[in-house]
Amino acid sequence: MTDFKLIGQGRTADIFEHQDGKVLKLYKQDFPLDAINQEFAVSKFVYSLGIKTPRPFELIQVNSRTGVIFERVFGISLLKVMTMKPWSIDKHSKKLAKLHFEIHRHQMHDRIELLRHQEGVLIHNINQAPFLSEHEKEEIVDYLQELPTDNKLCHGDFHPDNVLVGEDNLIIDWMTGMIGKPAGDVARTVILLSLGAMPKGTPKIVTILICILRNRIKSVYVKQYLKLSGLDFLEIDRWILPVAAARLTEWLPDEEKKNLLNIIRERLREIS
């Protein structure tokens, strides 16, 4: 990789400077090729809809690793802006809601084969979820299949760190893009803003402050989204159970897994 300058690193990929105002997102050696192809295809589709996102150009192989060349964009994450300027949280939380609502306004009639369906994704992940019994999984899947469906564009992992603020507001990381019900997509965001665990050893005062800020972001985001969409919060709340169960398949700190399990089992008791 001596030809490229490393400019960013994440859990799944490294970002390198590329020529002609582009960057190379190079995935880790063992990252599934299907997931890379999915992100490239969905990113191209979303860009074609006019959604503000870095333009994807091509898939390439570099030293036995697969990468995607994207348009280079400049900006910082909305989460970082909120952290640096906590007095601006309300303004930026409303922005988060508006951007999410604008995604959900896209009805998916054509090229549906490019996008996975929300219900299928959730069912697959629920059935793969650790810590749940087979009976619990069956109950959750049965419950999910009673929820109303839709054919709107959903991001699948929408949170302040996936929004870049600069000359434009850009939405990144479309690997989880899917077709589904906006209420379920918002439920995912609510869970992410509710349960993110702090790294081990974080001072208690820092944990308390982060918790307060996060709760404020969630409160303002939800209120603004409901205002824009006309949804009732109950419609979102009904999706918490299956979305929380599906999230157990992801890499999570033990504390967050425990909190998710508490939510799942409390809600299972409510529907029993």
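User: Which residue in S10 is the bridge partner of valine 165?

Analyst: Asparagine 169 in S10 is that partner. The model is a predicted one.

User: Why are strand S9 and S10 called a pair?

Analyst: The cut-off is at least two bridges between the strands. S9 (residues 163–166) and S10 have three, in the antiparallel sense. Three bridges meet the cut-off, so the strands pair.

User: What makes helix H3 a neighbour in contact with S9 and S10?

Analyst: Helix H3 (residues 89–104) packs on the sheet and touches both strands. A contact needs heavy atoms within 4.5 Å. The direction of H3 makes about 55° with that of S10.

User: What is the strand order of that sheet, and which strands are its edges?

Analyst: The order is S6-S9-S10, an open sheet with antiparallel pairing. Strand S6 (75–77) and strand S10 (169–171) are the edges, as each pairs on one side only. From one strand to the next, the twist averages 30°.

User: What makes S1 and S4 the edge strands of the sheet of five?

Analyst: That sheet is open too, in the order S1-S2-S3-S5-S4, and its pairing is antiparallel. Strand S1 (5–9) and strand S4 (56–62) each pair on one side only. Here the twist averages 30° from strand to strand.

User: Why do S1 and strand S2 count as paired?

Analyst: Four bridges join S1 to S2 (residues 13–17), antiparallel. At least two are required, so S1 and S2 pass.

User: What makes S4 and strand S5 a pair, and what lies between them?

Analyst: Six bridges link S4 to S5 (residues 65–71), and the strands run antiparallel. The requirement is at least two, so the pairing holds. Leucine 59 has valine 68 of S5 as its bridge partner, and glutamate 58 stands opposite isoleucine 69 in S5. The hairpin leaves two residues between S4 and S5. Asparagine 63, in the turn, has a positive phi of about 50°.

User: Which helix lies across S4 and S5?

Analyst: Helix H1 (residues 33–48) lies across strand S3 (22–27), S4 and S5. H1 runs at about 160° to S4.

User: What describes the packing of helices H9 and H10?

Analyst: Two packed helices are described by an angle and a distance between their axes. The axes of H9 (residues 240–247) and H10 (residues 254–271) come within 9 Å and cross at roughly 145°. The crossing is left-handed.

User: Which residues meet there, and how many are nonpolar?

Analyst: Ile240, Leu241, Ala244, Ala245 and Arg247 of H9 meet residues of H10, including Leu260, Ile263, Ile264 and Leu268. The contact divides into nine nonpolar, no polar and three charged residues. Arg247, Glu256 and Arg267 are in the contact; Arg and Glu count as charged.

User: Why does the chain agree with a compact globule?

Analyst: For 272 residues, a compact globule would have a radius of gyration near 19 Å. The chain has 19 Å, so the two agree. The C-alpha trace spans about 60 × 45 × 40 Å along its principal axes. The chain holds 10 helices and 11 strands.

User: What share of the chain is buried, and what share of contacts joins residues at least 24 apart?

Analyst: Buried residues, those under 20% relative accessible area, make up 47% of the 272. Among contacts between residues at least 6 apart in sequence, 68% join residues at least 24 apart.

Note on methods
Residues numbered from 1 in each chain as written. Predicted model: local features only at pLDDT ≥ 70, side-chain atom pairs only at ≥ 80, totals over all residues. Heavy atoms only, no water. Axes fitted to C-alpha atoms, helices over the stretch in contact; angles between N-to-C directions. Left-handed = near helix turned anticlockwise from the far one by under 90°. Rg over C-alpha atoms; globule rule 2.2 N^0.38 Å. Buried < 20%, exposed > 50% of the residue type's maximum accessible area, 1.4 Å probe, protein only.
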